[in-house]
Amino acid sequence: MTLSDTDVEWMRRDGERILTEAGRIAREAVPGEELALTTEVSFDSLIPMLIDRSRRVEMLVVGSRGLGAFQRGMLGSVSTAVTRHAHCPVAVIHDFSGITPEWTDKPVVVGVDGTDNSVPAIELAFEEASLRKVGLTAVHTWSDVTGLDIPMADWDAMLESEQVLLAEQLAGYQERYPDVPVRRVVKVDRPARALLDESEQAQLLVVGSHGRGGFASMLLGSTTDKLLHSAQCPMIVVRDHERPAA
């Protein structure tokens, strides 16, 4: 369908109106601070444009669903595509959970799987907790089963081993971020369920794009995918060692 000049002009003005309101909200979020803010109305296809821009920015921030989405918990097509293909960390904001004033003292939660895949997520989670002046909850699960059939002696040894693994992954960060109190959670549980439980009282959830079962070319792991569709607090997905291009 070919748009008339009148339609194009109306769409441009409506876009500028939306961006003006977005700028007002952004400035109100950091009162007393000078915010460098640029806006742009584009008629390019949104998903390819955002993925291309992700090569040159620190982070993309998107809503959980757009104009066409209607069901709570559903992830919009733009959010889904960006989290799967972006070259930088992607923050997905679900409604208003985690961003209203009563959530400002809640901690940041990070998933730690015991592999190098979660290192970028740990780094970003500490940065965010320090910026927000809140604590960090590091969650590590070490089994996808209930563990009820594991002998008690083996249970204790495995639990201690996984606690050591979590401590090793966090080593050095508490020295770099002495202002961030850390709570360590080790559970015999499915990763998605454990992280969802902790995220209910968190202002931000940070996870890697894929976990222990992932590989270099994987776009998104099953745990991250489940969290994107279920978590109600803001969530940041971090791919391995992502950095914007110079």
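A residue is called buried here when its relative accessible area is under 20%, exposed when that area is over 50%, and partly exposed in between (1.4 Å probe, protein chains only). By this definition S54 is buried, with a relative accessible area of 1%. The model described is a predicted one, in which local features need pLDDT of at least 70 and side-chain atom pairs count only at pLDDT 80 or more, while totals for chains, interfaces and linings use all residues. Residues are numbered from 1 along each chain as its sequence is written, and side-chain values use heavy atoms, with hydrogens and water left out.

The side chain of S54 takes part in two kinds of approach to the backbone. A polar atom of this side chain lies 2.5 Å from the backbone oxygen of I51, and the side chain also reaches the backbone nitrogen of H87 at 2.9 Å. Such polar contacts are pairs of N or O atoms within 3.5 Å; within protein, one atom must be able to donate a hydrogen and the other to accept it, and residues adjacent in sequence count only if both atoms are side-chain atoms.

Turning to the aromatic residues, the structure holds two aromatic pairs. The rings of F126 and Y173 have their centres 5.2 Å apart and their planes at 15 degrees, so this pair is stacked. The pair links distant parts of the chain, with F126 in helix α4 (residues 119-132) and Y173 in helix α6 (residues 173-176), 47 residues apart. The criterion is that rings of Phe, Tyr and Trp (its six-membered ring) pair if their centres lie within 6.5 Å; planes under 30 degrees apart count as stacked, over 60 as edge-to-face and the rest as tilted. F126 is buried, at a relative accessible area of 0%, and Y173 is buried as well, at 8%. Ring pairs also bring in Y177, giving a cluster of F126, Y173 and Y177. Elsewhere, a ring meets a charge: the charged end of K106 sits over the ring of W103, 5.8 Å from its centre. For this, NZ of Lys or CZ of Arg must be within 6 Å of the ring centre and within 35 degrees of the ring normal.

Charged side chains come next. A search of the whole structure finds 11 salt bridges, each being a side-chain nitrogen of Lys or Arg within 4 Å of a carboxyl oxygen of Asp or Glu. R84 is bridged to D225, with the closest N and O atoms 3.3 Å apart. This bridge links distant parts of the chain, as R84 lies in helix α3 (residues 77-85) and D225 in helix α8 (residues 222-230), 141 residues apart. Both partners are partly exposed, R84 at 27% relative accessibility and D225 at 23%.

Other salt bridges stay inside one helix. R17 and D14 meet at 2.8 Å, N to O; the two are three residues apart in helix α1 (residues 5-29) and therefore separated by about one helical turn. D14 is partly exposed, with a relative accessible area of 23%. In helix α4, E128 and R132 are four residues apart, about one turn of the helix, and their closest N and O atoms are 3.1 Å apart. E128 is buried at 15%, whereas R132, at 31%, counts as partly exposed. Salt bridges that share partners also join E21, R24 and E28 into one network.

On the surface, L3, W10, M11 and F43 form a nonpolar patch with about 410 Å² of accessible area together. Patches are made of residues with over 30% relative accessible area and no salt bridge, with like charges joined within 9 Å and nonpolar side chains (Val, Leu, Ile, Met, Phe, Trp, Tyr) within 5 Å; accessible areas come from the Shrake-Rupley method with a 1.4 Å probe, and for residues only the protein chains shown count as cover. W10 belongs to helix α1 and is exposed, at 57%.

G111, by contrast, is buried at 11% and is placed in strand β3 (residues 108-111). G111 and L205 are 94 residues apart in sequence, yet 8.0 Å apart in space, C-alpha to C-alpha.
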